[in-house]
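Trainee: I am new to this structure and would like a close look at a single part. Could you take me slowly through one of the sheets and what surrounds it?

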Amino acid sequence: MSLLRALTLVVRRSLRQHAVSTTITALMAALAAGLVLSVFSIQAQTFAAFTGGAGGYDAVLGARGSQLQLVLNAVFHLETSPGNIPWSLYEELAEDDRVALAIPYTTGDNYEGFRIVGTTDAMFDALGHGDAARFEVEPGGRVFDPERGEAVVGSFAARRTGLAVGSTFHPSHGVAAHGAAAHQEEYVVTGVLEPTNTPADRVIWIPIEGIYRMGGHVLRGSGEAFEAHPHEEIPQAHKEVSAVMLKFRSPMAGFALDQEFNRERTDATLAFPFGRVMAEFFDKLGWADRVLRFIAYLVVVVSAGAILASLYNTINERRREIAILRSLGASPRLVFLAVVLESSAIAFVGAMLGFVVHAVLFLVAAAILRERTGVVLELWAFHPALVWTPLTMVSLGAIAGFIPAMKAYATDVASHLVPHS
Amino acid sequence: MAAPTTTVLEVRSLLKRFRGPSGASTTVVDVPAFSLAAGEQVAIRGASGSGKTTFLNLIAGISTPDAGVVEIAGHDLTALRPSQRDRVRARHVGYVFQTFNLLQGYTALENVLAGMMFGRGTDEPFARDLLCRVGLADRLHHQPKALSVGQQQRVAVARALAGRPDLVLADEPTGNLDARRASEAMAMIRTLCRAQDAALLVVSHSPAILRRFDTVLDFAQLNRAAREVAA
């Protein structure tokens, strides 16, 4: 007990005596710890967000081509659509016994950079988004009427554009905001969706008919160009969709349809399962992760080296203090422990400040990711790195203290007590 | 508490040599016999460079002798492991250095507590009481650099007595003070040692200090090495 008190006093005084170098090395350790924490938790959460939930859907059917592009476009509302497929394919799947749910998407317009997706009102009732959450319209709103020029706005898009129930807007052509010509058609917002913390929050949903009838939109479902005219029914043959979102009755259905569309047929591509498609994408970017991790580890090692160097350099000027403590009865072991404890304390303070650095880095990264994709990362979502980073920092700090501690341990008492006056 | 007749310090055939830069070894301390009884106060007269600091360091266990025996309160330092020696020193010896050797960055009170914490453990009320008795009641939380030389010396004295030692060693304890203050400081040390029944061994070359002691030994008589040097 009194040994502990002695150690605490000695370490505290020593830290204070060398406040400048203590602060600098602790800040360095903080940077290192913060970097490791951020790299690991951002990577893990991003991976989980992009490979995990696809909003309750199991697969997406789209034009022949890249599964990745299909998933990015239909699930994450990024990239352009790989092209359209005929309405008949949607109908075929909607009637397939193995399919529990088929929802058509058409894309190609935006409002202030937020994508407009044409779909059916079935989407809002049919499934939950994410795990338990459904697409819920905020109180005071309702789902659009498929026969009218009405829109339901995702929460993030609503906040950014200022669209609220009763607002009107003109969609613009294309999926990006820049240089797009506004359509004549005016849409009325009938509802704003509750946040789902998924890319769907960035989407403005309108009836699929609205896309077909949008001025200048050409339908090629039949192979021939067709432009819809007001108050005239559009023949089914001309209709087309960008993607069909699918929910299967069983995973076996997914494998069977995968075989059918991707191996046997040539008219469409089925992206299934989402997780595999996105995981392959992350695998391609794996080197970037490894580089980032390597840099983070390197900074940790450098910060441990800085602790070592700063203590090592101060041991010489502390020889007299050490000799005095020894003359008062402190054992060499206590002196050794005090130095190791001091370096661990610097690393500990650094690791704690590292959580602040982590919070800053994480929040900036999360804000950018949310802005660009709608994916929401949670700052304090648990990751093992939150535990092992501080533990590793403190251990490395202790190890870094060993060499200066050996030097302190070996201090000769009598020669350093020689009167200096 | 030790009875007055108990021996606190016993030195026999103590020998310490130093190897010079040329490789030749010089005997610095060669004391055949020396002892102190509990509560006894003895002054040793010695010029600087006569090996008296080395002699005190050997007694305190700060230096190890090449031969001989040092017994402190019944513990033979030369037979102990270094860590045990540290413990005996912390528990039984108080040391007032010529340059005080206060811990910079520690307050006066912390310096005194440091004199306790490796021995019997800290006793803050006692530390405060000691500082009050040496007249530093209003300087408890001052660091050495904020204290005068005389005040620093008194902190050093309080620290030496803080661990309730059986033996207080003082090496030119008043060397940095003027004659009047030196005399006062010496009186203070003697009073405090007597109050705690600690034996006191002072080494000095100052006649003003030596005059106050009943027993004054000549280090040149005690130390055969010095006699050789002198001869």
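**The parallel sheet of chain B**

Mentor: Let us begin with the open sheet of chain B in which five strands follow the order E6-E7-E8-E3-E9, with parallel pairing; strands are counted as paired if DSSP finds at least two bridges between them. At its edges are strand E6 (93-96) and strand E9 (215-218) of chain B, each of which pairs on one side only. Neighbouring strands of this sheet are turned against each other by 20° on average, with direction ignored, where axes are lines fitted to C-alpha atoms (for helices, over the stretch in contact) and angles run from 0 to 180 degrees between N-to-C directions. Helices (H or I, at least four residues) and strands (E, at least two) are DSSP runs, numbered from the N terminus.

Please keep in mind that this is a predicted model, in which local features need pLDDT of at least 70 and side-chain atom pairs count only at pLDDT 80 or more, while totals for chains, interfaces and linings use all residues. Residues are numbered from 1 along each chain as its sequence is written, chains are lettered from A and ligands numbered from 1 in the order in which they are written, and side-chain values use heavy atoms, with hydrogens and water left out.

Side chains of opposite charge can pair when their charged atoms come close. B:Asp218 and B:Arg45 also form a salt bridge, with the closest N and O atoms 3.8 Å apart; the term requires a side-chain nitrogen of Lys or Arg within 4 Å of a carboxyl oxygen of Asp or Glu. The pair links distant parts of the chain, since B:Asp218 in strand E9 and B:Arg45 in strand E3 of chain B are 173 residues apart. B:Asp218 is partly exposed at a relative accessible area of 30%, and B:Arg45 likewise counts as partly exposed at 38%; that class lies between buried (under 20%) and exposed (over 50%), using a 1.4 Å probe and protein chains only.

Helix H1 (residues 52-60) of chain B lies across E3, E6, strand E7 (167-171) and strand E8 (199-204) of chain B, and runs at about 155° to E7(B). Helix H6 (residues 179-196) of chain B packs on the sheet, where it touches E3, E7 and E8 of chain B, and its direction makes about 160° with that of E8(B); contact here means heavy atoms within 4.5 Å.

Strand E1 (residues 7-19) and strand E2 (residues 25-37) of chain B run antiparallel and are joined by eleven bridges. Among the bridge partners in E2(B), B:Phe34 belongs to B:Val11 and B:Ser25 to B:Arg19. The hairpin of E1(B) and E2(B) has five residues between the strands, and in that hairpin B:Gly23 takes a positive phi near 100°.
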